[in-house]
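This briefing covers the ligand shells, the domains and the nonpolar core of one model. Please read it alongside the sequence and the coordinates shown here.

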Amino acid sequence: MTSTISVLGAGSWGTALAIQAARNGYRTLLWGHDPIHIRTLQQNRTNQRYLPGFVFPNTLETSSELAEAAAFSDLILIAVPSHAFKDTLIKLRRFTGQQVQIAWATKGFAPNDGYLLHYSVERIFSKETPTAVLSGPTFAREVAADLPTAITIASNHAGFSELLTRIFHSARFRTYTSTDMIGVQTGGAVKNVLAIASGIADGLNFGANTRAALITRGLHEIIRLGLELGGRQETFMGLAGLGDLILTCTDNQSRNRRFGLALGQNKNRAAAREEIDQEIEGVSAAKETYLLAQTHGIDMPITEQTYKVLYESLSPLAAVQNLLDRELKAES
Ligand SMILES: NC(=O)C1=CN([C@@H]2O[C@H](COP(=O)(O)OP(=O)(O)OC[C@H]3O[C@@H](n4cnc5c(N)ncnc54)[C@H](OP(=O)(O)O)[C@@H]3O)[C@@H](O)[C@H]2O)C=CC1
Ligand SMILES: O=C(CO)COP(=O)(O)O
């Protein structure tokens, strides 16, 4: 029975998930691409840069060698940012055997081709490789602090979601299984765009009514796109859809929301990014989602206006006005 796991990506989320697996008694190896950062983690037994204040359990090891991570376990969990996802898979492929099982907690699309991340795994590994995605309303810091959290684990392989459940489930970390990998990935990727939009509205000092309207109409956008891509309605009403959307649109722990807040307060994109100094997945997701909506002929007005603020220098105020000026229609 598997008793090890390698987690790729030593940012806040990879570190929190590695701590969770290690706390559950699984020998866990946390891999990061920067040898200097990893050496610091090894020495301090904590990730001061990305998740300060949480001491690593004894069962947590670290490495900056991908070959070591592949040899450590045939169960790989990827938590690198989406822009590094494909590249990490390609490098990993050189070191893995036939038995490898691949899960990811990354939220976003493969850069430049707009595909959900499971397509990259299928192409770089194979369609037969067991795959799974973990997603839901899960701020890294709260998971590391062992605050009650629930997450969805979606897999194409029942045995794999059960294995991941054993590794991650605890009295404070509740796991739900699903078979809807497309729906779970779509919810996780698109909610980041809507969190930026919600931040923008709050940065402009609009009120709670505006935020609630954005969340509700944003959910409709996720559902329209997600159904078209092959996801299931109930997934969008669950943890990986509505749950994560509410979390990131309403709480300032969300980097995407804070980025939007800065834009709404009239900071430019570069200054807002610098202020956050961590991954803001919604920036690339806004472009990929906007292009996907166009390709599939789907109406996603909040996504479209967010894209225009980010890529066409539309002012946040004009973007909100564009949404309000839209032709009146029935609620659907
Ligand atoms: N943080 C959270 O609460 C949650 C995050 N997620 C998702 O997890 C993913 C990772 O985000 P998160 O950990 O928060 O991001 P962070 O900003 O906390 O950390 C990003 C990490 O990725 C590393 N990195 C950057 N480029 C590469 C690369 N080319 N190859 C390998 N590693 C690289 C960074 O290393 P370096 O410092 O050297 O640049 C850093 O360790 C995102 O898709 C995010 O949406 C999902 C749920 C919760
Ligand atoms: O996805 C997340 C929580 O579920 C983290 O959101 P941010 O990337 O906006 O911080």
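Among the 13 residues around ligand 2, those that come nearest are Thr138, Thr248, Ser254, Arg255 and Asn256, a residue being near a molecule if its C-beta atom, placed from the backbone, lies within 6 Å of it. This is a predicted model, in which local features need pLDDT of at least 70 and side-chain atom pairs count only at pLDDT 80 or more, whereas totals for chains, interfaces and linings use all residues. Residues are numbered from 1 along each chain as its sequence is written, while chains are lettered from A and ligands numbered from 1 in the order in which they are written.

**Shell around ligand 2**
- H8, helix H11 (239-250) and helix H12 (255-264) each supply at least two residues, and H11 gives the most, with three; helices (H or I, at least four residues) and strands (E, at least two) are DSSP runs, numbered from the N terminus.
- By class, this shell divides into four nonpolar, five polar and four charged residues, where Ala, Val, Leu, Ile, Met, Phe, Trp, Tyr, Cys and Pro count as nonpolar, Asp, Glu, Lys and Arg as charged, and the others, Gly among them, as polar.
- Domain 1 (4-179) and domain 2 (182-324) each contribute at least three residues to the shell around ligand 2, with domain bounds that come from an automatic or database domain assignment.

**Shell around ligand 1**
- Ligand 1 is surrounded by 27 residues, of which Gly11, Ser12, Trp13, Ala84 and Gln278 are the closest.
- Helix H1 (residues 12-23) provides the largest share of this shell, three residues, and the shell as a whole has ten nonpolar, 13 polar and four charged residues.
- At least three residues of the shell around ligand 1 are drawn from each of domain 1 and domain 2.

**Contact between the domains**
- The centres of domain 1 and domain 2, taken over C-alpha atoms, are separated by 25 Å.
- The contact takes 24 residues from domain 1 and 24 residues from domain 2, two residues being in contact if their C-beta atoms, placed from the backbone, lie within 7 Å.

**Nonpolar core**
- The largest nonpolar core has 96 residues, and Val7, Leu17, Leu77, Ile78, Ala79 and Leu194 touch the most other members; such a core is a set of buried Ala, Val, Leu, Ile, Met, Phe, Trp, Tyr and Cys residues joined through C-beta atoms within 7 Å, and buried means that 20 or more other C-beta atoms lie within 10 Å of a residue's own.
- Both domain 1 and domain 2 give residues to this core, so it lies between them.

Key:
A residue is buried if 20 or more other C-beta atoms lie within 10 Å of its own, exposed if 12 or fewer, and partly exposed in between; C-beta atoms are placed from the backbone.
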